[in-house]
Amino acid sequence: MLFCPESPRWLASKDNWEKASSILSEVRHLPMEHPYLQQELLELRTQLELERSWVRDTGFWSLQKECWTIAANRKRALLTVGLITCQQWSGTGAINYYAPTIFKGLGLSSTTTGLFATGVYGIVKVVSCGIFILFMADSLGRRISFMWSGIVQGCCMFYLGFYVRFTPNVGKADHPPPAGIAALAMVYVFAAAFNMGWGPVSWIFVSEIPTNRLRAYNVALASLTHWAHNLAVSKATPVMLLATPYGAYFIFGSINLLMGLAAYFLPETKGISLERMDELFGAADFSHLDDVGFAAKQAKEVAEVENIALPKTKP
């Protein structure tokens, strides 16, 4: 981190435009006078001026006022709390904390086998998340990622619930039946779906929707929500598994399906610059400015003449 350049947006918020432009030029690998770079700086300046017109002070209570009294900011804060709450009640925390117990309840009676299955579960999470971040995060978009992963997670949880409910002597045999092996597979499918959807995308979404001034506050709010509900899930899971094991899976499954369906109504932020999030949430009007994507298209035409290498932009 010592060698990372400072954020151009933070520098711009401190009116250090010269250094902000220099770092942005270095990051984009473009000359300072390039149309793409100039358009991005113009959007940044416009967005900062809008923020300052709302609340000029940067104290704690001023940030609270800016977050909760301005409708567009309040909507984004509530979205943040809602998304992270849903993420934690998807059941991923229950599996993370009680995986050996859950695997034993699905038919892996051996402690060694249960611990091995837990290790495989961790590997599936890391690999699936890595694949998503590297190859799918920007191509799928936020809303579709939320929708498909929520539905798949819900189906996995419902299968586990039906298996535990209708399989006699589950967890007492030396080896799980074929349906039990499928149940174990559902745990891994759930892990892969979560880490290619609601797991990483929630954090991408809550970090990109706030204004520049409220970004740190919004992510901190998300972190507070995360750990509060993480604690609640860790305390509630053993009680649910002890009372009605299949009921816990049905509850998590229902929540996941609702998450997937509700995601349809979320605004899509794919391909939208951070500065234009205010426009997306109805807090600003950028119609008088060309979009960065449009500016990039114009710049590409210029580059073909001037042989300037441009970063690839997504439609």
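The dialogue below takes these features one after another.

A: Please keep in mind from the start that this is a predicted model.

Q: Where is Asn230 placed, and does Asn230 count as buried or exposed?

A: A residue is called buried when its relative accessible area is under 20%. Asn230, which is placed in helix H11 (residues 215-243), counts as buried because its relative accessibility is 9%.

Q: What does the side chain of Asn230 make a polar contact with?

A: The partner is the side chain of Tyr97, at 2.5 Å; once the neighbours within four places in sequence are left aside, Asn230 is in contact with Gln88 and Tyr97.

Q: Is Leu134 buried or exposed?

A: Exposed means over 50% relative accessible area, so Leu134, with 66%, is exposed. Leu134 lies in helix H7 (residues 111-140) and, together with Ile123, Val127, Ile131 and Phe135, makes a nonpolar surface patch of about 540 Å².

Q: Which residues touch the most other members of the largest nonpolar core?

A: In this core of 26 residues they are Ile95, Phe103, Leu106 and Tyr249. Among the elements that give two or more residues to the core are helix H6 (92-105), helix H8 (142-166) and helix H12 (245-262), while H9 gives the most, with six residues. Leaving aside neighbours within four places in sequence, the contacts of Phe103 include Leu108, Tyr121, Leu184 and Tyr188. A second, separate core has 20 residues, including Ala72, Ile84, Phe132 and Phe146.

Note on methods
Residues numbered from 1 in each chain as written. Predicted model: local features only at pLDDT ≥ 70, side-chain atom pairs only at ≥ 80, totals over all residues. Heavy atoms only, no water. Helix = DSSP H or I, 4+ residues; strand = E, 2+ residues; numbered from the N terminus. Buried < 20%, exposed > 50% of the residue type's maximum accessible area, 1.4 Å probe, protein only. Polar contact = N/O pair within 3.5 Å; in protein donor to acceptor, adjacent residues only side chain to side chain. Contact = heavy atoms within 4.5 Å. Patch = residues over 30% accessible without salt bridge, like charges linked within 9 Å, V, L, I, M, F, W, Y side chains within 5 Å. Areas by Shrake-Rupley, 256 points an atom, 1.4 Å probe, with all protein chains shown as cover. Salt bridge = Lys/Arg side-chain N within 4 Å of Asp/Glu carboxyl O. Core = buried A, V, L, I, M, F, W, Y, C linked by side-chain atoms within 4.5 Å.
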